[in-house]
Amino acid sequence: MANTQDKLRPSAAQAPFRRGKNKPKEDGKQAPAPTDGKGLNKSAESPEIAGGKSAAEPRKPSNKLAESSESAGGKSAAEPRDPSNKSAENPESAGGKSAAEPREPSNKLAESSESAGGKSAAEPREPSNKLAESSESAGAIVECPAPKRSVHKKYVSIGGQASIRQFDRCYTNSQMRMLYVLAILMIIDGHIGSSDYLDLNGLLRYQNYHIALFMFVSGYFLNLARGYGEFFKTKAMRLLVPLHAWNAVYGGVCWYLNRYQGFALGGEWNWYNLLYAPLVDGHQFIYNMASWFLVPLFLVQATGFMILKPFSGTDGAAAEENKRQNKWTPVLFLALALGLGCAALAYAPENRGERGITLTALRGLYFLPAFAFGYLYRRTLEKYDRLATPLWLGLLLGGVTLLTGAFPGYNHVPSWLDTVNAPGLAIYAISFLAILFWVRVARVLTPVWEKSHTLKYISEHTFDLMMHHFVGFMLAKAMFLPFTPGDGAANLARVKSDIWYYPFPGGDENYAWIYIAISMVIALLAGFTSRKIYGIIRRN
């Protein structure tokens, strides 16, 4: 669980591929730039790029050269490469990152976005057919659109060039963003508890995998090219600092409502609840309790990075070579994660009645297999995920049906790791099958996402939705109270003391979708407003 930062937009200009026009001479020297007869260079590009590209990069002499898109953090621009040009396969970026690394969508919950100064310039770019612009965290990445495709088993035609690798890299970006939308809808819907619109009549119970979906995407986009210091600084600033900042805000809200408005929700305003409780509990002020998962997310990402970093190279070429040589690393990482996760489940039901630092560690171990599964899926499994959608979804649901029939008490609450009435491997098997199911559903829905500004905005602001949707619930409760049957005073008293009480108009729980809609609007407005206020404060 990717949005509190300002967005930068890249230039969408891309020059068409011209086969043979961009190749260097055999002796390795650059051809002289054309002049206008007066010694003036007519090239539209500066021979040097601020992001760190060499001046010796060959330049196309054709008109309409692509403009290099520079970000504030100094990213190198991606020149279109001739598919036949082997020298273009390993270009170097300013930060030394692998050209083959996928780029994560801008989303704080998955938190694998790149630092401002170190993104790769070597992403394959679609030829000149109007690239879609995409706002990314700490910089800007050009995202490929949904091209008109003619699919023939292995190849997808893009702008006259056949490259399933290029299409998959762009398509998966949109697919994972659609997966964010599905995951956050499940989390918000699951907190109402009476609707569960996407659980397929109880077959795919949310709480067994909805948070794990964010861990899966985070593992999918894990970037091992960053240094240790940069990694931990970035993660702390994007996860732990916002967690404590918003905890202080909601602590003030809780204190005011409890003292002056007759509420009885949340804990006391003290140093323990302000600083320590977010790390070990997360439910101290109730209104922001969904943010408990940010600490396990930080621990999972840190653990995965520390384990996998030694197997990665320091630059793009070395990383690619290591990826080929260590093809079993993702498998071994998943096996280790499963062992640790199963041990956590065996020990953790109700965490032996405790809420402390042990619970924090157990939460992290529990989610580690989903993170490792995402890493394995990107490196190994994704290229095999080509089975026809109806058959594949049917097989996945069939596997879930068999497992849930064999272990009917498998359900559990991930925040407390309680009610674990099934072996750990069975729980993870059900979770992984559900994740694969929704990954394919997200792929099917990707064209819808690409045409919807609303879905795109939701996918880029799931942090806001996770942090603030309970406030949206409270405002919706205030709207529905006058239309709820029963004693109005008793209903109001219950709202002020029970966060899980939801008054429905006429007592009809079919209005749950209105709760979801209102809470999402309020949460997005809260996030938008806070960013504007923060921007004004910084400018002044």
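**From the whole chain to single residues**

Of the 540 residues in the chain, 53% count as buried. The model is a predicted one. Its secondary structure amounts to 14 helices and five strands. The accessible surface comes to about 24,400 Å², and carbon and sulfur atoms account for 60% of that area.

The interior may be considered next. In soluble globular proteins, nonpolar side chains tend to be buried together. The largest nonpolar core of this chain has 116 residues, of which Leu179, Tyr209, Phe216, Phe293, Ile435 and Trp438 touch the most other members. Helix α10, spanning residues 424-451, supplies the largest share of this core, with 13 residues.

Helix α10 is also a packing partner of helix α7: the buried residues of α7 pack against α5 (294-308), α8 (357-381) and α10. Those buried residues are Thr329, Pro330, Phe333, Leu334, Ala337, Leu338, Gly341, Cys342, Ala344 and Leu345. The length of α7 can be checked against its residue count. Helix α7 covers residues 329-347, and at 1.5 Å a residue its 19 residues should span 27 Å. The expected span is taken as 1.5 Å times one less than the number of residues.

Helix α4, residues 271-280, has Asn273, Leu274, Ala277, Pro278 and Val280 as buried residues. Their cover includes α3 (228-260), together with α5 and α8. At its start, a side-chain oxygen of asparagine 270 comes to within 3.3 Å of the backbone nitrogen of tyrosine 272. After the helix comes glycine 282, with a positive phi near 95 degrees.

Leucine 203 is placed in the loop between α1 (164-192) and α2 (210-220). Is leucine 203 buried or partly exposed? Buried requires under 20% relative accessible area. Leucine 203 has 21% relative accessibility and therefore counts as partly exposed. Which residues does leucine 203 contact, leaving aside its neighbours within four places in sequence? They are Leu397, Val400, Thr401, Thr404 and Tyr410.

Terms used:
Residues numbered from 1 in each chain as written. Predicted model: local features only at pLDDT ≥ 70, side-chain atom pairs only at ≥ 80, totals over all residues. Heavy atoms only, no water. Core = buried A, V, L, I, M, F, W, Y, C linked by side-chain atoms within 4.5 Å. Buried < 20%, exposed > 50% of the residue type's maximum accessible area, 1.4 Å probe, protein only. Helix = DSSP H or I, 4+ residues; strand = E, 2+ residues; numbered from the N terminus. Contact = heavy atoms within 4.5 Å. Areas by Shrake-Rupley, 256 points an atom, 1.4 Å probe, with all protein chains shown as cover. Polar contact = N/O pair within 3.5 Å; in protein donor to acceptor, adjacent residues only side chain to side chain.
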